[in-house]
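Here is a short report on a single protein chain.

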Amino acid sequence: MSQKNREGKRSARERLREQRERDRARDKRKRTMGAVGAVVVVLAVAAGVGMFASRTTKDSGKSGSSVEPPRGAVGKGGMVIETGKSAKPGQPAPSTLTVYEDFRCPGCKQFEDVFRGTLHQLQDTGRLKVRYHLVTIIDGNMGGSGSLNAGNAAACAQDAGKFRAYHDVLYKHQPDETRDTYASKDRLIKLAGTVPGLDTPAFRSCVEDGRHDGWVKKSSNTFNHSGYASTPTVLLNGKSVYGNPNKPLSPNKLKRMVAAAARG
C-alpha cells in the first residue's frame, strides 16, 4: 500500500473518530439540558401549587364562610349562647328559656325592655338559664348588615365573657328598624365602651374582622328551618310562651311558671 493511500485511510479514521466524539458530546449536552428542564418544570409546578394553596387559604380566610363558635357556646355545633347560673346542690334544676332574637328587631327590643329585670333576677338566683339563638331576619327583610354585624359583635363579647351586658346595651340603643345603624362596626365598638372591660384590642379585632360572621349566618339559617316564623320566639322548657295575644306573658306570670316548673 502506498504512503498516500495509508495517509488517506488514516485521515478517514480520524475524521470518523472526531465525528463520533462530537456526536457523544452533543448527546451529553442534550441529556444535561433535559434533566435541567425537568427540574425547572417540577419547581415551577411546585411553585404554582404553593401559590394556589396560598391564595386558597387567604381567600377562604376572607370569605367569612368559616363557622367559628364563640367561646363557651353550647348545644349541637355550639350554636347557642347560654347565660345563667347552674343549680346549687339540693336545688331543682333551673328552667330553660330559649330565645330567638335579632338585634334589629323592634319586637325583640320590646320583649327585652319588659322582661330584662325579671330574667336577670331569675338567672342570678339560679332558677333560670337563657339560651340565645342569634338571627338576621331583618337584614333579609329590610336589607343591610346590621343584624349580622351586631350578632358577630355580641359573639365577640361572649368571647370576652361580657355577652349579657353587651346584649342588653345593644337593645337599649337599638336604632329604628329602617335605619341600619348597626351595620357600622365603629358604632358597635363605641357601644362596647359602655361595658366595663369590653373595649379591648382583641374585641375590636374580632368585630372588625367579622370573626363569627359564619357562625351567625349558620345560627340564622338554623332558625329558618326550625318551623318558627318570627322574632322574638320565646320557649320555656320547650313550650312557646310569648306572642299569643290570648295568653299574654307578663314578668310575674313568667316567675310563677318558673316556680311551678321547679316544683315539678
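## Burial and the model

A residue counts as buried when its relative accessible area is under 20%. Phenylalanine 163 has 2% relative accessibility, so it is buried. The model examined here is predicted.

By that cut-off, 34% of the 264 residues of the protein count as buried.

## Overall layout

The protein has nine helices and five strands. Read from the N terminus, the order of elements is α-β-β-α-β-α-α-α-α-α-α-β-β-α.

## Aromatic pairs

How many aromatic pairs are there in the protein? The count comes to eight. In one of them, phenylalanine 111 and phenylalanine 115 have ring centres 4.9 Å apart and planes at 25 degrees, so this pair is stacked. Both residues belong to helix 2, which covers residues 106-124. They sit four residues apart, about one turn of the helix. Phenylalanine 111 is buried, at 1% relative accessibility. Phenylalanine 115 is buried too, with a relative accessible area of 1%.

Another pair joins tyrosine 132 and phenylalanine 163. Their ring centres are 5.5 Å apart and their planes meet at 55 degrees, so the pair is tilted. This pair links distant parts of the chain, 31 residues apart. Tyrosine 132 lies in strand 3 (residues 128-134), and phenylalanine 163 lies in helix 5 (residues 163-172). Tyrosine 132 has 3% relative accessibility and is buried, as is phenylalanine 163 at 2%.

## The cavity

The whole structure holds one cavity of 30 Å³ or more. The volume of the largest cavity is about 40 Å³. Its lining consists of Glu112, Arg116, Leu119, His120, Gln123, Tyr132, Arg164 and Asp168. Tyrosine 132, from the tilted pair, is thus also one of the lining residues.

Which element gives the largest share of this lining? Helix 2 does, with five residues. Helix 2 and helix 5 each supply at least two residues. By type, the lining of the largest cavity has two nonpolar, two polar and four charged residues.

## The largest pocket

The lining of the largest pocket divides into five nonpolar, two polar and three charged residues.

Threonine 233 is part of strand 4 (residues 233-236). Is threonine 233 buried or exposed? At 8% relative accessibility, threonine 233 is buried. Its side chain reaches the backbone oxygen of serine 230 at 2.6 Å.

Beyond its neighbours within four places in sequence, threonine 233 is in contact with Thr98, Val99, Tyr100, Phe223 and Tyr228. Ring pairs link Tyr100, Phe223 and Tyr228 into a cluster.

Definitions and conventions. Residues numbered from 1 in each chain as written. Predicted model: local features only at pLDDT ≥ 70, side-chain atom pairs only at ≥ 80, totals over all residues. Heavy atoms only, no water. Buried < 20%, exposed > 50% of the residue type's maximum accessible area, 1.4 Å probe, protein only. Polar contact = N/O pair within 3.5 Å; in protein donor to acceptor, adjacent residues only side chain to side chain. Contact = heavy atoms within 4.5 Å. Phe/Tyr/Trp six-rings, centres within 6.5 Å; stacked < 30°, edge-to-face > 60°. Nonpolar A, V, L, I, M, F, W, Y, C, P; charged D, E, K, R; others polar. 1 Å grid on protein atoms, 1.4 Å probe; cavity = no way out; pocket = protein on both sides within 12 Å on 5 of 7 lines; lining within 4 Å. Points joined across faces, edges and corners; volume = space filled by probe spheres on them.
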